[in-house]
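I set out below what I looked up in this structure, entry by entry. Definitions are given where a term first comes into use.

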Amino acid sequence: MGRPLIQRSPIPGLGLSAGITLSLLSIVVLLPVGALLLKGASVGPAGLWQQVNTPRVWAALWLSFRLSVLAALFNLVFGVILAWVLARYRFPGRRLVDAAVDLPFALPTAVAGIALTTLYAPNGVFGAFARDLGIKIAYTPLGIFIALVFVGLPFVTRTVQPVIDEIDREVEEVSATLGASRRHTLRHVVLPMLAPAALTGFALSLARAVGEYGSVIFIAGNLPMKSEIAPLLIVIKLEEFNYDGATAIGIAMLLISFTLLFALNAVQIWSRRRIGHV
Amino acid sequence: MHIDIDEISKEFGATAALHPVSLSVPSGALVALLGPSGSGKTTLLRILGGLEFPNAGRVLFDGQDATNLTVQQRRAGFVFQSYALFRHMSVFDNIAYGLNARPRASRPPKAEIARRVANLLALIQLPDIGARYPSQLSGGQRQRVALARALAIEPRMLLLDEPFGALDAKVRKELRQGLRDIHDTTGLTTLFVTHDQDEAMELADLVVVMSMGRIEQIGKPADIRARPATPFVREFIAA
Amino acid sequence: MSDAAPALRHPVTTERPLTRWLLIGLVITVLSILLFAPLIAVFVEALRDGLGAAVASLGAPEARSAIRLTLTVAAISVPLNAAFGIAAAWLVAKYDFRGKTLLLTLIDIPFSVSPVVAGLCLVLTFGAHSALGGWLVAQGHPIVFAFPGIVLASMFVTFPFVARELIPVMVEQGRAEEEAALTLGASGWRVFRSVTLPNIRWALLYGVLLSNARAMGEFGAVAVVSGKIRGVTATMPITIEMLYNEYLSTAAFALAAVLTLLALVTLGLKTLLEIRHADALAAARRH
């Protein structure tokens, strides 16, 4: 018979809590996501492929994915440094900086989008500076990169920081007693301990960047084949009432996100099995 | 190597962890620093290892001033109470760590490192665990791996902070003998910190009883038992 | 005592002072460019024509209707998500059942779905061309390009926030206190109010805070489902986009400044909660 579906419990409220949970989950999440998959099934693999397999869609998917990877890589490196500085160093304004790291989580993406565009447009503060150097930022992929760095900034820092707090200082001390330089200790002892959390943050930052829309469209320029991101293409297809096309791109993006999360899970399981922690 | 501690004092902020203390440890001795928590014994051990620096006083290794040597330069084999094994490295890599961390010029070739690790694994009587990870070891095995890792750098002395503190009573007894054997085989000057007077008396050649940042008495276990120098020592060893 | 004191040394577990200050400098420089500059830019642009002009633009009918709509959407979607979060956390923490892991995975779906894809999903479900949507429109209850769609979109993107915050806290607290209260004769509702709620209130507030900030600022999902009908389905972020694209910079940034203030207040309260009630939050352990 196996174990029962639900263990009996003296605590009341099972029906109520299960009812609220399942009905809201169904209406808000499962039904809509199911509708996308159903629509995809009705279009069929051949139809979806036909919709995706156009130069413009490939260009948009490739642009979104490529810039997201680059932005997430930047955030991986900078996020680890930032987490280290916040966790280990004491300096005036540390609390303020620590609180500010979460700004991209709290600031609406449209606000971030217009603010970044204002700064990086050719007549903006940073944009004018870059123009003098012969670099155009806003309305180019470079601008998209900056917006994606902005929205993904907190993820690595916030996953790595608590791990740094938990590092046993004796591990670093023992490394020094064994003759290792500080640089060797950081490279061979500290970084490997941060790696699983940093990878988690990297994947979250990447997943966020791939789907990001609000902060990007203002700064992107949105030129087909050049600076048009995949989510924007969905919006355009919807405005053309091309539901099949929008569905195809939507499913492609879901596949990218879920592949990412699946890979992330695999890495975590692997590292937990090997070293007994995440 | 023989160690002299000359009028060492240490303060953490306003609190004095060590009042000036002096101690001479003959080469090859097995010494216990015995005392309750807060007696300054761990601070003294960490100063010897180069992990803390004294506010005043000198440390001499074989008569040479070692006070300003960095922790890397001291070559003290240090074993922490928590063992502080690198949990992302195999046992082999843990033990080889100090050798691999050397600058390229003085780093032994790979085959030589492997040979030395194998010898150390044999010394701690765990020849077959090189491929395992620390999370797969028992507490006693971890302690011995930490010891082997400290020995791998060919240390000038062995410093152990509560080496048996995290173990249950039965394993503790076994490993005491293990430490004694390793000490006798290597002939290294060895200091270990403990709050357990049985452990100190049974294992050490020389016992240093400490309390509140001061050395209360230095002597052979039998002498301390027979003639406690202060009321504190009498009470502490009676407990 | 201090005679012949050796040169002051840094502990062995930190970097040399020069390295430290270089890293601190790097971090502050990058954050100034990436975080602080946009923040300042919002207010500078909003006040470009003076405070009077900024305030006046907030009083325009378009802006007022956007503010009203955004507040209404948050007032409906946030409590619903809080109710969901509490129910889901209660279910997961108080009972053992098969499929718990699946349930947790399903709750997390919105984290990994692009807001635009979320909007697309809602359009496909409730749009006039779909079976369900067509029927609802015929009944006189359109969802897409109407108020309910905006609420659903806001709920979708913030769906896991409260649940994610409460589940670890409630799982950690276990069941003993509730069981004790039950043996003392308390009713289920009373147990929840007098035993569970006090234990989770700070975590609940934390989740609600984040959920509210995100719901009021949501753009991508709402852009897809709202139809951007001026004065009817244009929320604050959508109105910001429309004003910005019409080169009404001051008006756009004035609205943006309002949302930025909200974000700053949210961050402030969040930090305060993290300092005061760290032990009662799951966030510190989770991120």
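**Conventions.** I took two strands as paired if DSSP finds at least two bridges between them. Helices (H or I, at least four residues) and strands (E, at least two) are DSSP runs, numbered from the N terminus. The model is predicted, and I required pLDDT of at least 70 for local features and pLDDT 80 or more for side-chain atom pairs, while totals for chains, interfaces and linings use all residues. Residues are numbered from 1 along each chain as its sequence is written, and chains are lettered from A and ligands numbered from 1 in the order in which they are written.

**Sheet of chain B.** I looked up the pairing of β4 (residues 56–61) with β5 in chain B and found two bridges in the antiparallel sense. Within β5(B), Q64(B) is the residue opposite F61(B). The two strands belong to an open sheet of four strands, ordered β2-β1-β4-β5, with antiparallel pairing. Which strands stand at the edges? They are β2 (15–25) and β5 (64–65) of chain B; each has a single partner strand, so one side of each is left without a neighbour in the sheet.

**Chain A overall.** I counted twelve helices and zero strands in chain A. The C-alpha trace of chain A spans about 75 × 65 × 35 Å along its principal axes. I called a residue buried if 20 or more other C-beta atoms lie within 10 Å of its own, exposed if 12 or fewer, and partly exposed in between, with C-beta atoms placed from the backbone. Of the 278 residues of chain A, 50% are buried by this criterion. I defined a contact as two residues whose C-beta atoms, placed from the backbone, lie within 7 Å. Among contacts in chain A with a separation of 6 or more, 76% join residues 24 or more positions apart.

**Chain A with chain B.** I found 19 residues of chain A and 21 residues of chain B in this contact. On the side of chain A, α8 (169–177), α9 (182–211) and α12 (243–275) each supply at least two residues, and α8(A) has the largest share, six residues. I classed Ala, Val, Leu, Ile, Met, Phe, Trp, Tyr, Cys and Pro as nonpolar, Asp, Glu, Lys and Arg as charged, and the others, Gly among them, as polar. The side of chain A then divides into nine nonpolar, six polar and four charged residues.

**Chain A with chain C.** Here I recorded 78 residues from chain A and 79 residues from chain C. Helix α1 (residues 14–52) of chain A gives the most to its side, 16 residues. That side holds 57 nonpolar, 13 polar and eight charged residues.

**Contact of α1(A) with α7(C).** I next examined where V28(A), V29(A) and P32(A) of α1(A) meet L152(C), M155(C) and F156(C) of α7(C). By class, the contact has six nonpolar, no polar and no charged residues.

**A46(C).** This residue lies in helix α1 (residues 17–46) of chain C. Is A46(C) buried or exposed? I found A46(C) buried, with 25 other C-beta atoms within 10 Å. A46(C) and A252(C) are 206 residues apart in sequence, yet their C-alpha atoms are 7.6 Å apart in space. Leaving aside neighbours within four places in sequence, A46(C) has contacts that include A54(C), T250(C) and F253(C).
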